[in-house]
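Student: I would like to go through this structure and check the labels attached to it. Can we take them one at a time?

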Amino acid sequence: MQSNSNDELYDIVSDDEDENESRLSCSLRWLISKAYPNGSTPDYLPCEHFFQNENNERFLSPDIALVLLSGDLYIRAFQYITNQQDQLITYDDLINYFYSQNIIIDINLLKQDEPLNAHVHLELIEHLMKLYFNIVLDQNLLYQRFERLQLKSVLTLLNKSKQLNTESFLIIWINGICECMVSKWSQRIPPVVDLRSALIDGTCLCALISYYDEKYTIKKTKNDLNSLRNYLNHYNGAKMTNIFPFTVKHLRQNMVLDLNLYGMLVDLFVLYEIDENFDKRSFFNENEDEENMCTNKSNQTYSIDDDDENNEDGTNEFFILHNNNNNNNNNEQITTGGILQTSTNHDRQMVKNE
């Protein structure tokens, strides 16, 4: 299979993939982006991970299968995630690391060929994703962001939360940024209650990108996900960044796993809060009182037009605090907001200790 030229802008996934293929391909794109960060993916790795034969049967690309079976992608991704690029790490070292974390992965199944055991490869990718999330999601960094923005409601929530799981962290981050964007857009932005639904709606995701990236201009509507996806996947003119690794169609048809949704949002957090170390002091007009603008909004509902009345307790609709403990005891739960009381897969209680 021939590779595309380096300067060609191409898509990374077609809309005709089935659910299993979409899941594997989406996770592979995340893995490759960590094995070869900063757009350094070698040409021998095809952008299309599956090919179709003359009988219209679809198969995993032999080039992709080879690097999975050899463990090369996993080792490179692990070195990048743990910042050990200069260390010599073997496939066995990687498996032994997870074994030390009480995660058992059969390396023989990982090396199984004809057929390739997709399930165990997905399992290893998922563990690498969770490791990455735990390393890069810095609650202190999140607190510093909202401290600079004087968002007291978010700061209160973070102070009451000893340790946030990935989903809770992302929801608080997105809602806090969207609260700042209300004044710029002069419209009410619905709070994120469920990450999947919020991404499908697109408004909060567009607001998030608009807050950090002044070069991003919204065309037509504020929830044009196709335009946003194309923008992110060619970020700063790059050939393909894998920031938005699934199609909008797959997102809307629930063909994307929760973990892959988290992966996209975590990559955005790393891009804007860690890699670029953005300080959005220029967001506010120099002639306006930044502190008053932000602190006043923290006591209002999420509406610029005041079309919603304040909650009786004076807390905005995004960060309604609930104490999950009925009794005072030493087993302190994570205190989160009413925004965190539903889950992305609708089958589990979202607020829990991981």
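Tutor: What follows is a set of questions on labels, each answered by a value and a cut-off.

Student: What kind of model is this, and what does the protein contain?

Tutor: The model is predicted. The protein has 15 helices and two strands. Buried residues make up 50% of its 354 residues. Of the contacts with a separation of 6 or more, 61% are between residues 24 or more positions apart.

Student: Why are helix 3 and helix 6 called roughly parallel?

Tutor: The axes of helix 3 (residues 72-81) and helix 6 (residues 118-136) cross at roughly 10 degrees. Angles under 35 degrees count as roughly parallel, so helix 3 and helix 6 are roughly parallel to each other. Their axes also come within 10 Å.

Student: Which residues make that contact, and what is its class make-up?

Tutor: Helix 3 contributes Tyr-74, Phe-78, Tyr-80 and Ile-81. From helix 6 come His-121, Leu-124, Ile-125, Leu-128, Leu-131, Tyr-132 and Ile-135. By class, the contact has ten nonpolar residues, one polar and no charged ones.

Student: How do you know that the buried residues of helix 12 are on the same side?

Tutor: The buried residues in helix 12 (residues 225-233) are Leu-225, Leu-228, Arg-229, Leu-232 and Asn-233. They cover an arc of only 125 degrees around the axis, which puts them on the same side of helix 12.

Student: Which helices do they pack against?

Tutor: The buried residues of helix 12 pack against helix 10 (195-201), helix 11 (203-212), helix 13 (248-252) and helix 14 (258-275).

Student: What makes Val-248 buried?

Tutor: Val-248 has a relative accessible area of 3%. Buried means under 20%, so Val-248 is buried. Val-248 lies in helix 13 and touches Leu-225, Asn-226 and Arg-229, leaving aside residues up to four places away in sequence. Val-248 and Ile-200 are 48 residues apart in sequence, with 7.8 Å between their C-alpha atoms.

Student: What makes the pair Arg-196 and Asp-258 a salt bridge?

Tutor: The N to O distance between the side chains of Arg-196 and Asp-258 is 2.7 Å. The cut-off is within 4 Å, so the pair is a salt bridge. This pair links distant parts of the chain, with Arg-196 in helix 10 and Asp-258 in helix 14, 62 residues apart.

Student: Are Arg-196 and Asp-258 buried or exposed?

Tutor: Arg-196 has a relative accessible area of 9% and Asp-258 has 12%. Buried means under 20%, so both are buried.

Student: Why are Asp-72 and Arg-76 called partly exposed?

Tutor: The relative accessible area is 24% for Asp-72 and 35% for Arg-76. Asp-72 forms a salt bridge with Arg-76, the closest N and O atoms being 3.2 Å apart. Both lie in helix 3, four residues apart, about one turn of the helix.

Student: How many salt bridges are there, and where is the one made by Arg-23?

Tutor: The count comes to five salt bridges. One of them joins the side chains of Arg-23 and Glu-126, at 2.9 Å from N to O. Arg-23 is in helix 1 (residues 19-35) and Glu-126 is in helix 6, 103 residues apart. Arg-23 is partly exposed, with a relative accessible area of 27%.

Definitions and conventions. Residues numbered from 1 in each chain as written. Predicted model: local features only at pLDDT ≥ 70, side-chain atom pairs only at ≥ 80, totals over all residues. Heavy atoms only, no water. Axes fitted to C-alpha atoms, helices over the stretch in contact; angles between N-to-C directions. Parallel < 35°, antiparallel > 145°, perpendicular 65-115°, else oblique. Contact = heavy atoms within 4.5 Å. Nonpolar A, V, L, I, M, F, W, Y, C, P; charged D, E, K, R; others polar. Buried < 20%, exposed > 50% of the residue type's maximum accessible area, 1.4 Å probe, protein only. Arc of directions from axis to C-beta.
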